[in-house]
Amino acid sequence: MSIDKKQLETNLIHTSSGLDVEQKTGAVNVPIYLSSTYHQESFDEFGPYDYSRSGNPTRQALEGKIAKLEDGSRGLAFASGMAAISSAFMLLSSGEHVLVSRDVYGGTFRFVTEVLSKLKIEHTFVDMTNLSEVAEAVKENTKVIYIETPSNPCMNITDVKGVVEIAKANNCLTFLDNTFMTPLYQKPIKLGVDVVLHSATKFLSGHSDIIAGLAVTKDRELGERLAFLQNSFGSILGAQDSYLLLQGIKTLGARLKQSSETALDIATYLNEHPLIKKVFYPGLSSHSGHTIHARQSKGSGAVLSFEISDAVEAKTFVEHIRIPIFAVSLGAVESILSYPANMSHAAMPKHERKTRGISDGLFRFSVGLEHVDDLIADLDQALHAAYVRSYEAVGVRNF
Ligand SMILES: *Cc1c(COP(=O)(O)O)cnc(C)c1O
């Protein structure tokens, strides 16, 4: 039976890359090939590997796996999500132009505005949820449309097929940052996207242990060009981290399913809480992108954002939270509470943050694998305690 007919949960664990079960010993895990160079048996006919920047068997097993999971033709593993993203942007040449989601990841924003612009690659930020704005922003030299959906941190949803149509009509490529959904819930290449990018630091590895990035191209030729850039920059993922990422991917199915269920329960709870102004989660029917997201994705994921009421001080709220760690990053077994204004989006000037809805009361919550009742009880006590404290502080001042 063809492996392609299997469900993704199965393919996360078994793929046909041959290295899944090591041939010589039957070892169930891909060996970690710690070798920078490879002996060549023949004087003039070289083997498949020569130097590990250009190719390493452990990394290759991972690259084959992600290509398969994303239904692409070539997968590449990078030293970080930003290495994958910035290398993909290097497919462009000076004088060309890119359209980028307005509420893109802070590091991508920094790369586009401060590095691409130095290389004379122009950019325009657009509201990707508004297809007519996207179509109008395309210029003669536009070569790439860059999508992030759901976007970070307000979980805006882009109609991927709609943007791909605009791109195709204008001879542009589409890149999509699939970090939040992973191939388990969203298959951008099936929707026509040319390059899928991941911060594998997040859900794919899942344990807050490694920094890693992945890229998958729809066609082979584009894959060759990106592999050339990867080898030229040298920003490859090491063999040990490639191994850890392969291990993380195996449990993605169970982790993401559980965390997403808990995320919906938490979003529903917060949505009804009097001290919460707004909840951003595509799984809520009240979310503006709910219908489009449900059409193009199989799940709503494990990240939500919420804005606390002015009656609750952000600092006091964080001081009372006990279970989630308070940190940047997301997609791990432990829940992570982040404060985008001075964490993930600190690289973005305040006025830019404001136009993207990143207020001083906005929190992002990446739901882990703790019991839902414990997480809700923790949020509940922290909101209540912060409210009481803010109320007391106001009371004292008035006195
Ligand atoms: C974290 C993240 C990145 C950057 O990835 P690194 O692995 O930290 O370099 C890019 N995009 C999104 C959506 C992210 O969450």
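**Entry 1: Val112**

I looked up Val112 and found that, not counting residues up to four places away in sequence, Val112 touches Phe89, Val100, Ser117, His123 and Phe125; contact means heavy atoms within 4.5 Å. I note that the model is predicted, that local features need pLDDT of at least 70, that side-chain atom pairs count only at pLDDT 80 or more, and that totals for chains, interfaces and linings use all residues. Residues are numbered from 1 along each chain as its sequence is written, and side-chain values use heavy atoms, with hydrogens and water left out.

I placed Val112 in helix α4; helices (H or I, at least four residues) and strands (E, at least two) are DSSP runs, numbered from the N terminus. Val112 counts as buried because its relative accessibility is 0%. Here buried means under 20% relative accessible area, exposed over 50% and partly exposed in between, with a 1.4 Å probe and protein chains only. I also read the C-alpha separation of Val112 and Ser285, which is 33 Å for residues 173 places apart along the chain.

**Entry 2: α3 against α4**

I then examined how helix α3 (residues 81–89) meets helix α4 (residues 106–116): the axes come within 11 Å and cross at roughly 40°. Axes are lines fitted to C-alpha atoms, for helices over the stretch in contact, and angles run from 0 to 180 degrees between N-to-C directions. The two helices, α3 and α4, are therefore oblique to each other; angles under 35 degrees count as roughly parallel, over 145 as roughly antiparallel, 65 to 115 as roughly perpendicular and the rest as oblique.

I recorded the crossing of α3 and α4 as right-handed. A crossing is right-handed if the near helix is turned clockwise from the far one by less than a right angle, and left-handed if anticlockwise. From α3, the contact draws on Met82, Ile85, Ser86 and Phe89, and from α4 on Gly107, Thr108, Phe111, Val112 and Leu116. I sorted these residues into six nonpolar, three polar and no charged. Ala, Val, Leu, Ile, Met, Phe, Trp, Tyr, Cys and Pro count as nonpolar, Asp, Glu, Lys and Arg as charged, and the others, Gly among them, as polar.

**Entry 3: Aromatic pairs**

I found nine aromatic pairs in the structure. Rings of Phe, Tyr and Trp (its six-membered ring) pair if their centres lie within 6.5 Å; planes under 30 degrees apart count as stacked, over 60 as edge-to-face and the rest as tilted. The pair of Tyr38 and Tyr49 is tilted, because the ring centres are 5.5 Å apart and the planes stand at 35°. Both Tyr38 and Tyr49 are buried.

Phe89 and Tyr146 form a stacked pair, since their ring centres are 5.1 Å apart and their planes lie at 20°. Phe89 belongs to helix α3 and Tyr146 to strand β4 (residues 142–148), so the pair ties together parts 57 residues apart in sequence. I read 0% relative accessibility for Phe89, which therefore counts as buried. Ring pairs link Phe89, Phe111, Tyr146 and Phe175 into a cluster.

**Entry 4: α2 against α9**

I turned to α2 and helix α9 (residues 239–250), which pack at an angle of about 35° with axes 8 Å apart. Their crossing is left-handed. The residues of this contact comprise eight nonpolar, two polar and two charged.
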